[in-house]
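Hello,

Here is the structure I promised to pass on to you. Please have a look at it, and then read on for what turned up.

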Amino acid sequence: MALPLVQEVHFPELSIPVTVAQMVHVLPAGPIPASPGDTLYLSNLDDIIGARVFTPTVYFFQSNTSNHETFSTILKTISDALANILVPYYPLSGRLRETENGKLEVFFGPDQGALLVEAHSEMGLDELGDLAVPNPAWEPLIYRFPNEEPYKLLDMPLVIAQLTRFKCGGFSLGLRLCHCICDGLGAMQFLGAWSATAKLGRLAVSPTPCWDREFFHPRDPPVVKYPHTEFMRIEEGSSLTRSLWQEKPVQKCYKITREFQVRIKAFACQLVGTPSARPSPSPSQWNTTTTTTTFDALAAHIWRSWVRALDVRPLDYELRLTFSVNARQKLLDPPLKEGFYGNAVCLACAVSKVSDLVNGDLSETTSLVRQARLGISEEYLRSTVDYVQVNRPTRLEFGGKLTITQWSRFPIYESADFGWGRPLYAGPIDITPTPQVCVLLPEGDANADGTTMIVCICLPKEASDRFREFFCQIEDSTIMT
């Protein structure tokens, strides 16, 4: 029997008992080009408000034995590899502090390093349910300090790892990595070097990590050429916030096949309407099929389904869709050096009235997403850097906004083979604290063809039921889940 094109993936409600056994500060295994008192510059892309977070991820691994000595060996392998990798990636052994105007920098002091936590659980991996999608119940597998303030960054270890042994002998690696130091691709580069070093038993770094944050130094004087709607504070004049927070949001995950993605893109690229109903398309419009990506169409479909599910009012209110665009390939004069692992992404922003999202064509919304994506250029990135220099945002702006985060192209499973094989699951845990975020994840099944995707989104219960209904509709047909 053929699998459905869209399938909701359920995860169980759990309470995972975890006992912390020890905490170890992992220092670089050798000399580093920084001494106590030294500092490193962070670009405006690194310390922008949206990057001032830790990105939590978890990785589950099977084991054939529950022998404590074996786990001790695993712990030592992880620890030794981390110490080795902190030599070329030495900025991750430092700490963050604020300078003038609230800007962040990396500083070095004695006995800093990363934090490695050893923990144990009396549960087995088979008791955690299907390890296919993120589950908020996995939160105890990520270490947080007692009474830790939300979004705390200053004086925190920039790498916080928790290795948890389960009674079956399997284990998890819970990781918190400071977003100010690396973006998604940079995190994959660091993770890949760490895992390769653990697997080989010696330092394995390819490419050589490059800091070079001065590459994104603001111009003098700053030149802001764009309005940067993505950062603007917009007063909440709609029912959106009330609808999202009227009850605790629930996290829902949907597995979508390649065929579903192809159908969405094909439908989005159609010129809807008859010649008498709309003007003849210009030559540039006829080329949209070749420049429209699957992401453009899928993001537009998610945005429309989200707005419909929340029944946003008033209809003339303007909403924003934001998403990160990797700008590395846009930087040509000069190009970024190979091995750069800092933040090199720009926030694209599409804007539309509620009425157009609810009543308009998918092709029109897709065009907005496509235009926002293609609008990211080297000059736009430089303008972003200068905008932050002049108008440094001090808070996250959620007014009228949905943010889509695309992890589906990250080689997260391939980057996390520490010598114990491909992880059973690799990715985030809980997106409920930020219900205006949708995350696209790669499927973890090793036998999959790599084209299936997981869509994770948070909505109030009633709205999540409506979202599923709208999301599963293509044209006038409904694809059952």
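**Aromatic rings, a buried aspartate and a surface patch**

Tyr380 is buried, as its relative accessible area is 10%. Please keep in mind that this is a predicted model.

Let me begin with the rings. There are 25 aromatic pairs in the structure. In one of them, Tyr226 and Tyr380 sit 4.7 Å apart, centre to centre, with 50° between their planes, so the pair is classed as tilted. This pair joins distant parts of the chain: Tyr226 belongs to the loop between H2 and helix H3 (240–245), while Tyr380 is in helix H10, and 154 residues separate them. Tyr226 counts as partly exposed because its relative accessibility is 31%. Ring pairs also build a cluster out of Phe61, Tyr89, Phe171, Phe190, Trp194, Trp211, Tyr341, Phe418 and Trp420.

Next comes Asp183, in the loop that runs between strand E9 (171–178) and helix H2 (184–200). With a relative accessibility of 2%, Asp183 counts as buried. Its side chain makes a polar contact of 2.9 Å with the side chain of Arg328. A polar atom of the Asp183 side chain also lies 3.1 Å from the backbone nitrogen of Ala344. Other residues that Asp183 touches include Tyr341, Gly342, Asn343 and Val345.

Phe398 is found in the loop between helix H10 (378–390) and strand E13 (401–406), and counts as partly exposed at 33% relative accessibility.

Conventions
Residues are numbered from 1 along each chain as its sequence is written. This is a predicted model: local features need pLDDT of at least 70, side-chain atom pairs count only at pLDDT 80 or more; totals for chains, interfaces and linings use all residues. Side-chain values use heavy atoms; hydrogens and water are left out. Helices (H or I, at least four residues) and strands (E, at least two) are DSSP runs, numbered from the N terminus. Buried means under 20% relative accessible area, exposed over 50%, partly exposed in between (1.4 Å probe, protein chains only). A polar contact is a pair of N or O atoms within 3.5 Å; within protein, one must be able to donate a hydrogen and the other to accept it, and residues adjacent in sequence count only if both atoms are side-chain atoms. Contact means heavy atoms within 4.5 Å. Rings of Phe, Tyr and Trp (its six-membered ring) pair if their centres lie within 6.5 Å; planes under 30 degrees apart count as stacked, over 60 as edge-to-face and the rest as tilted. Lists of a residue's contacts leave out its neighbours within four places in sequence.
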